[in-house]
Amino acid sequence: MSQKPFRLYDSLSRQVKVLETQEPNHLRFYSCGPTVYSYAHIGNFRSFVTSDLIVRTARAIGMKVTWVTNITDVGHLTEDDVADAQGEDKMERALRSKEGEQFNNVWELAEYYEDAYKEDWKHLNLVEPNVRPKATQHVREQILAAEELIDKGFAYETPTGVYFSVEKFPEYGKLSGNTQESLRKGVRDVVMDENKHDQSDFAVWKKDDKHLMQWFSPYGWGFPGWHIECSVMARAYLGDTIDLHSGGEDNKFPHHECEIAQSEALTGKPFCGHWVHTSHLQVNGQKMSKSLGNFYYVRGLMKDGVDPLAIRFALISGVYRKNLNFTDQGLVDAATNIDRFKRADETMKAGLEAKRAGENTLGTELEKLYDEALEAMCSDLNTPVAIAKSLEGAKLISKEGDSITLSSAQSAEKFLNLVNDLLGIVRGSFHLQAIQENTSNVDSSRIEALIQERKEAKASKNWARADEIRKALTEEGITLTDNPDGTTSWAQA
Ligand SMILES: [Zn+2]
């Protein structure tokens, strides 16, 4: 099927190129998700929103998209800027922090921040992925991958773990430019571990019988290295070769470089044809950092009265490949623009109700503006142009005011729906009112039964089922609270 070409910058070939799919018209897309040891900040969300915009644009031009975005709940260590990270597990350290005191164990901590992340995701109006797998759900496959890498001669065991031998994969460095050679020369700091064959080798499995999350493996107790989870999960849900992979700029090395090496060593096939990386986000001209205390979180901004759609608008107001300066003034401007869409939406709805006779004064112009917005998105996600075209349409609609005709209102409805599907900035997906209407007759015994089932699922570590139940109940407006004594209480929104 012929369709509009979707041009995106590919970090691997370092050029803007048309996004190709192996199967006609079906995009297999993997994005790296958060490590759930704290709330995801707006810099993390900038990268997630880029992936969301890719999915929206691909669907707008008629592609089927299978989108997998993971949750890292084990194995991500604090010194993650070197290929073979050392330091502490991020989850374990978080448990010992002040905020960690409220959790009984690291599993609870992970679950709490995972729920928070999914809530923020909804508030920012991101489309739901097809699958959101967790690293801890796929440990068995990660162990099998380690074994297979050893069998194939790409990895070896030492007293501290299983290491991927970078020397065995000559293409190492093709994404980031950090080759084994440059790593050896000390261009980047590498961790000294005398058991490793080469200092640039990285861990696929860490031996550690003191780790708070540990599994038994042919190499004894331990936990997987961070990079292997994405290789394994991408393959499990999307196949040996995927069409597109995205993440933040800081994922490029070591994380994505190591993913490529492991995946291609395992399958003997290309891992991914197209890589997208989102640039950094600054806040009021400065890097977000602990020492400056300038971390911005979705929930914090919402507590200050900021409309989450305005946060989303501010995050997509700049091109994803350039650094974005997220400012207080930018948020104020974003809120003004969100109001412009809301006003257009109201004018349109009033027009549909009033059913005024008369000609359609908007149709042709709105169609043209939407086409231009879509064209901009297909040109390496040019959000500033797409937003400008959409706002122009919103202004035209509002200008009609009370005299809007029915046929103009129908064109306006179509336009606003399309813009909302493409950019997600007209209406939020979180409709509290709808939830309340749906749950006017609550069957308590059915909910109690589901809570019991969730408890059993958790006891047998079937986190997927437990999540599914929580999610289904949330959608019905039922909030679950897990109490310290092991019981779960519930309330209706
Ligand atoms: Zn990843």
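Four strands, in the order S4-S3-S10-S11, make up an open sheet with parallel pairing. Strands here are DSSP runs of E of at least two residues, helices are runs of H or I of at least four residues, and both are numbered from the N terminus. Two strands count as paired if DSSP finds at least two bridges between them. The edges of this sheet are strand S4 (64-69) and strand S11 (275-278), each of which pairs on one side only. From one strand to the next, the twist averages 20°, where axes are lines fitted to C-alpha atoms and angles run from 0 to 180 degrees between N-to-C directions. Strand S3 (residues 26-31) and strand S10 (residues 244-248) run parallel and are joined by three bridges; Tyr 30 has His 245 in S10 as its bridge partner.

The model is predicted: local features need pLDDT of at least 70 and side-chain atom pairs count only at pLDDT 80 or more, while totals for chains, interfaces and linings use all residues. Residues are numbered from 1 along each chain as its sequence is written.

A second open sheet has three strands in the order S13-S12-S14, with mixed pairing. Strand S13 (286-287) and strand S14 (324-326) each have a single partner strand, so one side of each is left without a neighbour in the sheet. Strand S12 (residues 281-283) pairs with S14 in the parallel sense over three bridges, and Leu 281 has Leu 324 in S14 as its bridge partner.

The chain is divided as follows, with bounds from an automatic or database domain assignment.

| Domain | Residues |
|---|---|
| Domain 1 | 7-278 |
| Domain 2 | 328-430 |
| Domain 3 | 434-492 |

The centres of domain 1 and domain 3, taken over C-alpha atoms, are separated by 31 Å.

The largest nonpolar core has 117 residues, of which Leu 149 and Val 204 touch the most other members. Domain 1 and domain 2 both contribute residues to this core, so it lies between them. Such a core is a set of buried Ala, Val, Leu, Ile, Met, Phe, Trp, Tyr and Cys residues joined through C-beta atoms within 7 Å; buried means that 20 or more other C-beta atoms lie within 10 Å of the residue's own, with C-beta atoms placed from the backbone. Beyond its neighbours within four places in sequence, Leu 149 is in contact (C-beta atoms within 7 Å) with Phe 154, Ala 155, Phe 164, Val 204, Gln 262, Ala 265 and Leu 266.

Helix H15 (residues 444-459) has 16 residues, which should span 22 Å at 1.5 Å a residue; its end C-alpha atoms lie 23 Å apart, which agrees. The expected span is 1.5 Å times one less than the number of residues. Just after H15, Lys 461 adopts a positive phi of about 60°.

Notes
A residue is buried if 20 or more other C-beta atoms lie within 10 Å of its own, exposed if 12 or fewer, and partly exposed in between; C-beta atoms are placed from the backbone. Two residues are in contact if their C-beta atoms, placed from the backbone, lie within 7 Å.
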